[in-house]
Structure formats: structure tokens, C-alpha cells
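Work through the exercises below with the model open beside you. Try each task before reading its solution.

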Amino acid sequence: MSFCGWLKIFKRKRTAIDSDDGGVESRERTRTSKGSSEGMTAVLKNTHDNGGGGGMPKTNGGSSSGGDEKNVTGRNAGKVKSVDEIDLENDSWAMGEETDKVKTNESDEGNPRNKTALKPGHSLMDWIRLGNSGADLAGTGGRVRPVQHSELAIHNKPGDMWMAIRGKVYNVTSYLDFHPGGVDELMRGAGKDATNLFDEVHAWVNYESLLAKCYIGPLRSTGILKLVPEEPENSSKSPSNQMPPPSPSLSFLKPPSPSKPSVIVTPTTPAAPAKVFSENRDLSSSNENSPAKAPPVVPRFDWLQKTAEVTFIFYTKALCNPAVVVEFANNLEFSVRIFLEGNVLHRYQFQVANNLQWPCTVRQSLEAGKVELVFNKLLPGLWTNYGQMEYKRTENYPMELHEYDVATRIEITHDSCALLLRPKNNSILQSIPIGYHISVTGTVASGQVLTRSFTPVPSIAIPTNCPPTFVPLLVKTYLLGGLSEHLTRPVPLATSLQISQPSGNFPLAKLKHHNRIALLAAGSGITPMLALLCYLLERSSNKMESISLLYFNKTEGDIWCREMLDNLCARDKRLTVKHCLSDVDTQTTLQPSTLASAPVSSLAVATTATEPDDSSRPSSSTSIIGASADTSGGDGHSKATATLERGRISLAIAQQLTNVDSPLAATFVCLCGPKPFNELACQYLEQAGHNMMHVHSFQG
């Protein structure tokens, strides 16, 4: 506040004191019914004992003009606000109501709660409607992320404005025109920590609720920790000012990741360059392997609507990878079950206000932890409310089984089929988490009840249209495999199958800080990799640098989803796909039509290994002779596709994954195949120096 502002306040108080000391004989309150847009206004008339009518306040000198006190004219003359009136003004500011149009001739500097007239359509209710419309006011796609001070300072313009209050960063760009204090007042905190400014003016305002949809993330600082002091310029200084070298017990400290430099450590000697991806080359600086137990996740519910559809939203936790089961009772009733880590089930029972159409569409944003159920309305129109909901939380829930039939069977190889499983009454929809499986139970021809686990695949892996309520599977028929033969038989199609809810333990959050990932699959072990591959290619935070898929089979005819993999490889240069075949001759693999001019692969080395499939065969020495399958597009430019190579899992391949100079180098590895394949792959990775904390083995 300026000197003039303080002077005015001082004069007002001095005038009031002098009037009391001068023996004010009487005060009277009058009410005015006309001449004011505010209605009734309390007016206090001070009458000096020396006379001086006209209702104008006089100074102690008895003069009505020319004194130290300025004359106050107009409808605000002599206006004194009571405590209730001040509270009412404060409440109206906090609620975002339009300011009254009464203006005084006083300077703004003396009134820190000055308000401005808002534009039409910018009231508090309009702001709430905008927040509930689904608009991304934070500009982060629903993802919460930490913000450094340097990044905050960049966003300091009216068209791009962030501010921090009590350690929380908000994108207030959309709120500028809704601010009752005006744009200029809010711009005082642009691009910086505005906590002090906020507390000076309106610390009572519930900003967390008002700006909830604008929240970006916590404000983070970078600290510097030096374990070794810098060499003093003058060696003759007192040795008491020098710090002794760190003890050997601190040798485990390593420089943090450049992507998240929370602490900077100065080592005594320069670290030698790492030859392999191991702990000191790990990209993760989080406590992803920490045994500390995270707080339980409690989904938060919200809803929004359009004229023709309504969306029910559940906010869980980023990368918690939930399973979602929606069961439809009738047009007015349905239930939602969300299965989260820790064997916890969250059940929601809805009774909606108007009729819905089935099936719904399930959309998941794994990085934001958001689950959306989109229903079409039977009759278009806006609802006044969604209806009623009951919520129940259950730990250690029992296994649930639902009855399915095989609706579609398509042969994809000589011994494998793509199946579409349909719910018995088509009233249930399951959203399977990445890397999770379901249990399938059926009664075979002999009357025996058999159960086996299968990992559902994305719908794009099935060569036909897949309705949302169907479960797509890829099933290989094994010799003497009772259930697989029962599921893949052409006539009659299998019926009355008991399907469980999804289960598994794949920690998707472990991949958060890794952007070079390798996927090793053998035979039917490709199924969990397909959904994981699609997610990694579309991931927006910490975008992938490279993904290497090594797919091991006996022959070229055993490869699943080859067309899908070729298309992904041609569309995204970050993906490398290599098909490693064990039971083929060089002449069989190198077909003149596609591979005659293919160069020799970099993996042309000798190895000894066991078969990657279910069959048990003795170890054999074989040469991995590679061939690249290059195709040419219509524009004459070559497009990258998968490559065919001859060989099995080996130490040489594991060394390619851990060598930082290799194009296949990866910091995280996922494995899936028969048990001997998984064990052998882990053994080779450990020998190659890979950090085994960053290896996940899928178990069927």
C-alpha cells in the first residue's frame, strides 16, 4: 500500500477520534429510499457542536472546506460499514459474485479487496459449469506431475499463466476472466509462488475447491548436496574449514537420473563409463522397489453428460492398471466392479434417472488413472441428476465366475485359433488390465472339468470385428491338451464355459521411468506382450525411445499376429521386431521372393540352448543366421518390418540387450513363455549383468 493510502486511513481515524474528544452531542441514523441503486444505505452524520449544518462533516477547525480532511460527496458520503457488511462483502468475493457498480473516488491502493465488473457469462456458476464440462483446464490431459521453479517461471503471460499456492501449481489461464479482482490483480502472481500475495488479500478463499480442475501438480525444488568440499583457493587457510573425505560407507550413493535431478552428488573421482545397463545405469530415480507400503487407493466418482450420452468417471491412481467389470441388469440399473492392487474390490451399484442403452464403452487413461464408462441415452436430453449410487469396499474378495460361449472361431495357424467368447446373456463387459489373465473352465467330452489360464489379447489382434462385451483369445491346440482341443473344435462350438474376473500381478508402474524396453516371448507367450506393446507405443509421459520384441518360435508358420506386428513396425520406427526360428533350414527362411538380398544379421553367433516351446528337446548347437525382410512402399522408399532369424535364446542375445552400444539395449525386460524359456532367459540376463530388479517374468 502506498503512502497516500496509509495517509487516508490515518486521517479517517484521526477525524473520528477528534470528533469524540470534541464532545459529539448526538448521532442519528437515517435511511434513504431513493437516489441509491443499493437500496437502503446506512448514513452516519457527524454534527459538530459549533453548528455547521448541511450534513457535511467538519474538521476541528470548524471549516467545511479547505481543511485537512477532504469533502466526501455522493451517495457514499459518510458511509461506515459494519462488521456484518464487511463479512458479506468478503463472502461475495469468495463466491465469485459480480461486483456492485458502486465506485468511490478513493484510490485503489487503499482497498486491497477491490473488485471489477465481470464479463457476461463469467459468474461463479459459469466457472463451475466450465469445470464440469470435461474441458482440460490444467492442460495436462488429467495427469498430475511435479513442476520445477524454472518451468513455473516460463508460464507468466495472460495466455499461458501458472501460479503456485502453498506448494501446489495451478494453470489459471482459463480463470483470468472469472477472477472478481480482475486480470491485473491475478497477474501479480504469474509464474511464481503467489502464497504471500494470496494471504495478503483473501486467505479465507477456498482456492483448492475453486481451482481443483486447474491443478497441475506439486511444486518441486532442486537441492544440492556436496559430499566433498571444493578445493580452497588458498592452501594456507586453517584446516578446520575443510571437510574430511566421505567414508567408504557412502560409496553406494550414485548420481541421480537427469530426468529427475532431485539431489546432485559430487563424487571424489570421476565414475568409469558403464559397459552394461545395470543399477548405475538405471533410468529410474524413484522408489519403485521400495518396500514402503503406499496408501490405499479409493476411487473418486464423477459424471458428466451430453444430450445423447452420459459418462460415469472413476479416478483411481496413475498406472494402477485396474480391472473393470460392468454388469447390466436393465435400462435403469447396472453395477461396476473395480479391482485394484492389494486384492481390494470397489463395487458401485447404480440406479439411474433415465433409460440407458447397452453395451457401454469403457475408456481407460492408465497414465491419469481415469476410467470412463460412456452410455448412450435411450432418449436424448439433459438430465437433472444421474440417479442414485451405492458403494461398497471389499478386501480379499472371492473368485467370481461368469458363463460364456465360443461365438467365433478362426484358424490362424496350423495348430492355433482366434476365439471370441460371448457372455451367456450378453450383459457383462470385462476390461482386462495389461498383463493380466483369466481362468477358463470347461467340461470336456470325457466329462472331466478342466481349468487353464489364458491372457486376452487386444481386439486388433483378432482378424475379425470384436464386439465390446466379447473376450478375444488366441489359443494353441496341444497334443493331449483336453481343454485346448475342447475350445478350438470346429463343430460344435464350445459352450457353457466358466470365465473368472481378471487376475495377475504385473506392476505397470515399474515401467514408468524406463524408455528402452525389451520384450522376449516364446510361442503363445506373445499374448501379454501385445497389449503391453500397444500401450508403450502410445505412452505420452516419458515417451519410448526404443522397444525390442524378440519372438521365438519353431517355424515361420508358428508366428502369431505377424501382419499386426509388421504393420506396427512399419508405422513406428521405435519398434524393432525379430522372429527367432529354431527348426528351419537356411533355404526355408531365406525365400527368394522376399529375403534373397537380405543382409546378414548382427546376431550371427553360435549358441547352445533348449527349445523355447513346450516340447522337451535336447540342447543343440545352432547358428543364428539372420535375414531382414525389407519391403518397399509405393513411393519407392523402404519400410522397416520384422526380421527373420535362425536361433534360440542365448547369452549372446542377453548381451545385446545389456550392451549400451547395441540397438537392442534395454533397461527393462519382460519375459513370457514356457517355464524353461523364462528360467534360461533370466539366467542369461543375470550373466550379462542386467539388473534383475528390472525383469518381469509372466507366469501362465
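Predicted model: local features only at pLDDT ≥ 70, side-chain atom pairs only at ≥ 80, totals over all residues.

Residues are numbered from 1 along each chain as its sequence is written, and side-chain values use heavy atoms, with hydrogens and water left out.

**Exercise 1. Confidence**

Task: State the average pLDDT of the protein and the share of residues that score at least 70.

Solution: 
- Step 1. pLDDT is the predictor's confidence in each residue, from 0 to 100.
- Step 2. The protein averages 74, and 64% of the residues score at least 70.
- Step 3. Residues 21-113 have a pLDDT below 50; this stretch has 99 contacts in the model beyond near neighbours in sequence. A contact means heavy atoms within 4.5 Å.
- Step 4. Residues 233-274 also have a pLDDT below 50, with 33 contacts beyond near neighbours in sequence.

**Exercise 2. Overall make-up**

Task: Find how many helices and strands the protein has, and what percentage of its residues count as buried.

Solution: 
- Step 1. Helices (H or I, at least four residues) and strands (E, at least two) are DSSP runs, numbered from the N terminus.
- Step 2. The protein has 14 helices and 35 strands.
- Step 3. Buried means under 20% relative accessible area, exposed over 50%, and partly exposed in between (1.4 Å probe, protein chains only). Of the 700 residues, 40% count as buried.
- Step 4. Take the contacts between residues at least 6 apart in sequence: 69% of them join residues at least 24 apart.

**Exercise 3. Helix α3**

Task: Which residues of α3 are buried, and what do they pack against?

Solution: 
- Step 1. α3 spans residues 124-132, and its buried residues are L124, W127 and G131.
- Step 2. These residues lie on the same side of α3, because they cover an arc of only 60° around the axis. The arc is that of the directions from the helix axis to the C-beta atoms.
- Step 3. The general rule: an α-helix has 3.6 residues a turn, so residues three or four places apart point the same way.
- Step 4. The buried residues of α3 pack against α7 (207-210).
- Step 5. After α3 comes G134, with a positive phi near 90°.

**Exercise 4. Backbone exceptions**

Solution: 
- Step 1. Most residues other than glycine have a negative phi, and most peptide bonds are trans.
- Step 2. The bond from W358 to P359 is cis, with omega near 5°. P359 is in the loop between β14 (344-352) and β15 (361-365).
- Step 3. L319 has a phi of about 65° and sits in the loop between β11 (309-315) and β12 (323-330). L319 is buried, at a relative accessible area of 11%.
- Step 4. N542 has a phi near 50°, in the loop between α9 (527-538) and β26 (546-553). N542 is partly exposed, at 31% relative accessibility.
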